[in-house]
Amino acid sequence: MVEVQTLKLESGYGIKGDINANPISPRQVLLVRYEDILEFSIVPGELRENIVITGVEPEKFVPGALINFDSGAAIRLTFHCEPCKRIAHLVKSLKIIQGKRGILGVIIKSGVIHTGNNFQIEPNRFPGLSENVYERFLSFITKVPRGKVVTYKHIIQAIGVDNSYMRVIPTYIKKTSATAYPIHRILDSKGNCIVYIPNQKNQLESEGIKFLDIKSTIHQNEYFVYLKKYLYEDETIYLN
C-alpha cells in the first residue's frame, strides 16, 4: 500500500488508478475508523484499507450508511470486510477484529478527496448488503432479467468475493431452488450451459437467447452463448 494525500473517486468505478476498480463490484473501496485500528495498535495502511476516517461513532459507521465529502464525492457503505489470513500477523486472533476490519463501499458520486477533508455520514441511507455470501448470491441472480445471462466470473465480481469462490458457485447453484430463482440464467465462465441445471437451453431460448452453432469434439452437450450480446452488465446496480 502507498500512502497518498489525494484520491480521485469515480462514480460506478472506484478509485482512479486502482487495480481493483470494478464497475459492478460492491467492494470498490475499503474504509476503516482510526479509532478501531488504534485499539489494536495497527498502523494505517496495514489493513490494506483505502481511506481512514476519524470522529465517527461506531453506531453510525455501518453498512448502508452514506458518506458525503465536502468535495461532492460520496460513498455508499455495503458490507463489512472479512478478516483474512493476510492480516493475521497483526492481531492475536482474527475473531477479535471481526466487525472492525473496516467496511467496503461503492462510489456513488465522483469527486476528489484530500487528507483532512470534512465529511458527513448518514446511517441507514441504503439497505446494507448481507454479510452472508450465499444471500448476496441469491440477491444478485434475482436481478438478472429475461434475455440476459451471467457467468461464474461475473457473479463473484458482483457479490464481492475472491476468485477462490469460483469453485463454490456450483454448490450454490445446486442448493438453490430452480423454481424460486432464475438459476437457468447462470453459465460457466466460457458461456457454456451447465449440465446440472435441467432444461437450461430450452428455458434460455424461450427468453430470446440464441446459441452459437459450435460442435464440440470433446463434450457432446456443450451449448455456448455469445456473451458480448447477452451478458448482464448493469454498472448502476449498487448506485441507488
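**View 1. Tyr134 and Tyr172 are both buried in this predicted model.** Buried here means under 20% relative accessible area, exposed means over 50%, and partly exposed is in between, with a 1.4 Å probe and protein chains only. The two residues form a tilted aromatic pair, with 5.1 Å centre to centre and 55 degrees between the planes. Rings of Phe, Tyr and Trp (its six-membered ring) are paired if their centres lie within 6.5 Å, and planes under 30 degrees apart count as stacked, over 60 as edge-to-face and the rest as tilted. Because Tyr134 lies in helix α2 (residues 133-141) and Tyr172 in helix α4 (residues 169-174), the pair ties together parts that are 38 residues apart in sequence. Helices are DSSP runs (H or I, at least four residues), numbered from the N terminus.

The model is predicted, so that local features need pLDDT of at least 70 and side-chain atom pairs count only at pLDDT 80 or more, whereas totals for chains, interfaces and linings use all residues. Residues are numbered from 1 along each chain as its sequence is written, and side-chain values use heavy atoms, with hydrogens and water left out.

**View 2. Phe137 and Tyr172 form a tilted aromatic pair.** Their rings are 5.3 Å apart centre to centre, with 50 degrees between the planes. Phe137 in helix α2 and Tyr172 in helix α4 are 35 residues apart, and the pair links these distant parts of the chain. Phe137 is buried, as is Tyr172, and Tyr134, Phe137 and Tyr172 form one aromatic cluster.

**View 3. Lysines lie over aromatic faces at Tyr196 and Phe211.** Lys174 lies over the face of Tyr196, at 4.7 Å from the ring centre, and Lys201 lies over the face of Phe211, at 5.3 Å from the ring centre. A charge sits over a ring if NZ of Lys or CZ of Arg is within 6 Å of the ring centre and within 35 degrees of the ring normal.

**View 4. Cys81 is in no disulfide.** A disulfide is a pair of cysteine sulfur atoms within 2.5 Å, and the structure holds 0 of them. For Cys81, the nearest cysteine sulfur is that of Cys84, 6.6 Å away, and Cys84 is likewise in no disulfide. Cys81 counts as buried, at 5% relative accessibility, whereas Cys84 is partly exposed, with a relative accessible area of 25%.

Key
Helix = DSSP H or I, 4+ residues; strand = E, 2+ residues; numbered from the N terminus.
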